[in-house]
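Please look over the sequence and the model shown here before reading on.

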Amino acid sequence: MTQHLTVVEHPLIQHKLTIMRDQATSTAVFRQLLREISQLLAYEITRDLPLTTTRIDTPIQPMDAPKLAGRKLALISILRAGNGLLDGMLELIPSARVGFVGLYRDEETLEPVEYYFKVPDLMSERVVIAVDPMLATGNSSAAAIQKLKDAGAKDIRFLCLLAAPEGVERMKQAHPDVPIVTAALDERLNEKGYIVPGLGDAGDRMFGTK
Ligand code: URA
């Protein structure tokens, strides 16, 4: 991917996103729409995956047919909200390997601290797609991407549902080599770090917590 930020303006995505933003939307519908949008975004973020060919026999004749080249993709969920994007993406890419990165913010230093990290082997040979619905300050996303680089990942992409300009800028400074695909670039962050207009706390909305 060449662009640092891609906003996927497909009408189906925009329509579904509007329903997700609405605070009257139920947990069940929110979750279902997140699943659907994750597949549409996954379609976009995998658009340039390299292909090779394989020799097959159709009922009519042999042919050299396209298939994905290289190792299986790695999908990395940034906990916990990333899990809401994972299921739908796995339906589309069922053989992908899956990893998880868990970070919390130290209240004193405000630095992200890792509490869980488990990723597939041979990260340097995989296309790695890190997923987190909300790119807000970008601090935890940038830290998670750094952990993936420390584990050897070289070709990393970042998929989110909503991005704030502050988060995009933070990621651009920290990881200019990591393209971002999102459904919308919102206006700003508020004083509590929520995306405006946003959709609230994505984790709470998808899991029904408060
Ligand atoms: N995380 C969320 O879930 N929502 C925001 O608006 C910002 C960060």
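The paragraphs below treat the ligand site, then the strands, and then some backbone features.

This is a predicted model, in which local features need pLDDT of at least 70 and side-chain atom pairs count only at pLDDT 80 or more, while totals for chains, interfaces and linings use all residues. Residues are numbered from 1 along each chain as its sequence is written, and side-chain values use heavy atoms, with hydrogens and water left out.

**The ligand site**

Around the ligand stand Met 134, Ala 136, Gly 193, Tyr 194, Ile 195, Gly 200, Asp 201 and Ala 202, where a residue is near a molecule if one of its heavy atoms lies within 4 Å of it. This shell divides into five nonpolar residues, two polar and one charged; in this grouping Ala, Val, Leu, Ile, Met, Phe, Trp, Tyr, Cys and Pro count as nonpolar, Asp, Glu, Lys and Arg as charged, and the others, Gly among them, as polar.

| Protein atom | Ligand atom | Distance |
|---|---|---|
| Ile 195, backbone N or O | oxygen | 2.7 Å |
| Gly 200, backbone N or O | nitrogen | 2.8 Å |
| Ala 202, backbone N or O | oxygen | 2.8 Å |

Taken alone, the ligand exposes 240 Å², and the protein buries 82% of that, with accessible areas coming from the Shrake-Rupley method with a 1.4 Å probe.

**The strands**

Strands (E, at least two residues) and helices (H or I, at least four) are DSSP runs numbered from the N terminus, and two strands pair if DSSP finds at least two bridges between them. Strand E2 (residues 51-57) and strand E3 (residues 62-68) run antiparallel and are joined by seven bridges, with Leu 51 standing opposite Leu 68 in E3. These two strands form a hairpin that has four residues between them.

Strand E5 (residues 97-105) is joined to E4 by five bridges, and the two run parallel; here Val 101 in E5 is the bridge partner of Ile 78. E5 is also joined to E6, by six bridges and in the antiparallel sense, and in E6 the bridge partner of Arg 105 is Pro 112. The hairpin of E5 and E6 has six residues between the strands, and in it Leu 110 takes a positive phi near 65 degrees.

An open sheet of three strands has the order E8-E10-E12, with parallel pairing. Strand E8 (134-135) and strand E12 (184-185) stand at its edges, each with a single partner strand, so one side of each is left without a neighbour in the sheet. Strand E10 (residues 162-163) pairs with E12 over two bridges in the parallel sense, and Ala 163 stands opposite Leu 185 in E12.

**Backbone features in the loops**

A cis peptide bond joins Leu 79 and Arg 80, with omega about -5 degrees, and Arg 80 lies in the loop between strand E4 (74-78) and helix H3 (83-92). Another cis peptide bond joins Val 196 and Pro 197, where omega is about 0 degrees; Pro 197 has its place in the loop between strand E14 (195-196) and helix H6 (202-207). Leu 122, although it is not a glycine, has a positive phi of about 50 degrees, and this residue is found in the loop between strand E6 (112-118) and strand E7 (127-131).

Technical notes. A polar contact is a pair of N or O atoms within 3.5 Å; within protein, one must be able to donate a hydrogen and the other to accept it, and residues adjacent in sequence count only if both atoms are side-chain atoms.
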